Amino acid sequence: MGYLIGVAMVTCTVLIITKIWEMFMILFWRPYTLTKHFGKQGVMGPPYSFLSGSLHEIKTMTKNAREQLMDTHSHDITHRVLPHYQKWSSLYGETFLYWFETDPRICIADPELAKEILSNKFGFYAKPKTRPSIIAMIGDGLVLINGLEWVKRRRILNPAFSMDKLKIMISRMAACTISMLDEWKSQAMEAKDKFKTLEMNEEFRELTADIISHTAFGVSFVQGKEAFNAQRELQYYCAASSVNVFIPGTQYLPTSTNLRIWKLDRKIKKSLQCIIESRLHSQPSSGSSDFSYGDDLLGVMMDTSKTNNGPQLKMNEIIEECKTFFFAGHETTSNWLTWTVFLLSLHKEWQEKLKEEVLHNCGMEIPDADMLSKLKMVNMVLLEALRLYCPVIELQRVASEDMKLGNLLIPKETCLAIPITMIHRSKEYWGEDANEFNPLRFKNGVSKAAKHPNALLAFSVGPRNCIGQNFAMMEAKTVMALILQRFSWSLSPDYKHAPANNLTLQPQHGLPIIVKPLHL
């Protein structure tokens with residue numbers, strides 16, 4: 001017995017020493033050696049602080065930035081949404097090292113290097129590990145997964161975003177939009193002066209949630225509203241904690257925040273499961289082998305569960321993908337539309353140009369795919385809105401092996417941060433008017449708009465580019481065309497210009513817009 005106790009004590013001692021050594025390497029030795037490693041390559045940055053890295057400084061700068069308002073006509077937003085990048089790039093150059101807790105991050109603001117990272121086809125630059133709260137919100141789906149699992153799911157989901165299927169969805173997008181616009185007109189007609197001030201960010205949030213509900217899941221916004229509201233609240237928690245130190249394991253503690261996150265996660269899953277079960281019940285009792293659950297996103301995913309050929313998705317994987325697309329399918333587009341309306345309220349001459357183009361090519365008809373393809377100026381304005389107010393503020397990848405990137409030697413597990421907001425404003429690539437609204441820069445297409453063909457990274461590039469890119473563009477053009485047919489608008493004097501990083505780029509104080517029907 002004494003022998004066994006002695007062996008157990010020795011084993012415990014070895015485990016404790018091993019764990020202490022691992023902690024020493026993570027908390028002290030690795031930051032020290034990597035700082036030296038990058039310093040020899042001329043890459044400097046703010047000093048590493050125990051456990052938190054650069055988080056305290058990031059948190060302080062972010063808090064100070066959010067307290068300041070901007071000139072309404074200024075589009076130079078980097079100092080407000082990425083204040084640490086702005087400061088450190090001015091001190092250390094556009095390539096610098098900083099620490100997110102104990103994880104090293106290298107800022108890569110060169111479009112050529114960004115292209116090399118994002119276009120790698122061998123998985124050498126993977127998606128980084130994500131905090132549990134974000135996984136609960138956005139789902140462990142296509143946006144976050146890596147490796148062969150990502151290849152399988154991308155292959156399954158690609159057919160749902162073919163151009164033929166997207167063209168069919170235009171009528172559903174238009175129906176959702178017209179329902180919203182009819183309500184706008186009704187509210188304006190009831191007002192004394194025949195115009196109405198609307199909180200446009202909220203309007204577009206509900207609209208794009210309605211559109212993704214109808215087009216991807218075949219249900220109305222009412223049925224998906226519980227998931228939508230739960231995801232919005234989760235987004236608040238994720239944004240609030242994004243610059244706090246995260247200690248692995250704390251996500252399992254029954255804190256008030258964790259209890260709320262668990263409850264919201266259950267709500268999202270329950271809502272989506274109800275939608276899936278409703279679709280399951282639509283299968284004929286005969287169980288015909290050629291039966292399809294539908295040609296939308298949910299139908300494509302569910303069809304894989306009943307086939308023996310090709311890759312399949314399990315029910316829990318379908319739920320995770322539903323979470324991903326329910327969030328990604330409305331959040332980014334709603335913000336894109338919000339900022340487009342904002343820019344057109346500042347530049348009335350462009351609002352009139354677009355109105356003329358839409359009426360010339362579409363009249364008062366609901367636009368179809370051919371009509372939308374002729375809206376060249378609408379396309380240019382949408383691209384310029386993406387450049388100046390891209391909903392996705394930065395991209396991140398992690399080196400899965402020791403890599404050579406340009407002239408840099410990147411050690412394994414180093415995170416590479418690509419600040420889209422900064423690249424989209426680089427005067428080196430976009431010219432001296434980089435901070436100004438100039439849609440004409442896109443008159444010859446995206447690849448010729450800047451001095452580098454990949455200087456616009458709104459949808460990323462390479463094999464992991466946004467699978468919903470064509471869906472989002474078609475949706476944005478449809479919505480803008482229908483609004484331009486029916487309304488003029490201007491910025492409310494109550495608007496406060498404060499773009500904010502809430503995981504996506506949003507107006508911190510909302511976007512109050514005065515809308516007036518063109519046809520009373």
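Predicted model: local features only at pLDDT ≥ 70, side-chain atom pairs only at ≥ 80, totals over all residues.
The protein chain contains 19 helices and 12 strands. The C-alpha trace spans about 90 × 65 × 40 Å along its principal axes. Of the 520 residues in the protein chain, 51% count as buried. The accessible surface of the protein chain amounts to about 24000 Å², and carbon and sulfur atoms account for 56% of this area. When contacts between residues at least 6 apart in sequence are taken, 74% of them join residues at least 24 apart.

Turning to open spaces, the second largest pocket has a volume of about 490 Å³. Its lining is made up of 24 residues, of which Asn379, Leu383, Gln469, Asn470 and Met473 are the closest to the pocket centre. Two or more lining residues are given by each of helix 8 (163-190), helix 15 (369-373), helix 16 (376-388) and helix 19 (469-486). Helix 19 gives the most to this lining, with 5 residues. Sorted by class, the lining of the second largest pocket holds 14 nonpolar, 7 polar and 3 charged residues.

The volume of the largest cavity is about 40 Å³. The residues that line the largest cavity are Lys165, Ile168, Met169, Arg172, Asp295 and Asp296. By class, the lining of the largest cavity comprises 2 nonpolar and 4 charged residues, with no polar residue.

Individual residues were then examined. Ile178 is located in helix 8, an element that also gives two or more residues to the lining of the second largest pocket. The relative accessible area of Ile178 is 17%, under the 20% limit, so Ile178 counts as buried. Apart from its neighbours within four places in sequence, Ile178 is in contact with Ile366, Leu482 and Arg486. Between Ile178 and Arg66 the C-alpha to C-alpha distance is 35 Å, with a sequence separation of 112 residues.

Ile393 is placed in the loop between helix 16 and strand 5 (394-399). With a relative accessible area of 3%, which is under 20%, Ile393 is therefore classed as buried. Residues up to four places away in sequence being left out, Ile393 touches Val81, Leu82, Ile418, Pro419, Ile420, Thr421, Asn501, Thr504 and Leu505. Ile393 and Asp110 are 283 residues apart along the chain, and their C-alpha atoms are separated by 15 Å.

Gly39 belongs to helix 1 (residues 2-40). Its relative accessibility is 27%, a value between the 20% and 50% limits, so Gly39 counts as partly exposed. Gly39 and Glu413 lie 374 residues apart in sequence, and the distance between their C-alpha atoms is 18 Å.

Backbone angles were also considered. Most residues other than glycine have a negative phi. Lys194, which is not a glycine, has a positive phi of about 65°. This residue, Lys194, is found in the loop between helix 8 and strand 4 (196-199). At 30% relative accessibility, Lys194 falls between the 20% and 50% limits and therefore counts as partly exposed. Leu503, also a residue other than glycine, has a positive phi near 75°. The position of Leu503 is in the loop between strand 10 (499-502) and strand 11 (504-507). Leu503 has a relative accessible area of 30% and is classed as partly exposed. Thr504 and Leu505, two residues within the span of strand 11, are among the residues that Ile393 touches.

Conventions. Residues numbered from 1 in each chain as written. Heavy atoms only, no water. 1 Å grid on protein atoms, 1.4 Å probe; cavity = no way out; pocket = protein on both sides within 12 Å on 5 of 7 lines; lining within 4 Å. Points joined across faces, edges and corners; volume = space filled by probe spheres on them. Helix = DSSP H or I, 4+ residues; strand = E, 2+ residues; numbered from the N terminus. Nonpolar A, V, L, I, M, F, W, Y, C, P; charged D, E, K, R; others polar. Buried < 20%, exposed > 50% of the residue type's maximum accessible area, 1.4 Å probe, protein only. Contact = heavy atoms within 4.5 Å. Areas by Shrake-Rupley, 256 points an atom, 1.4 Å probe, with all protein chains shown as cover.
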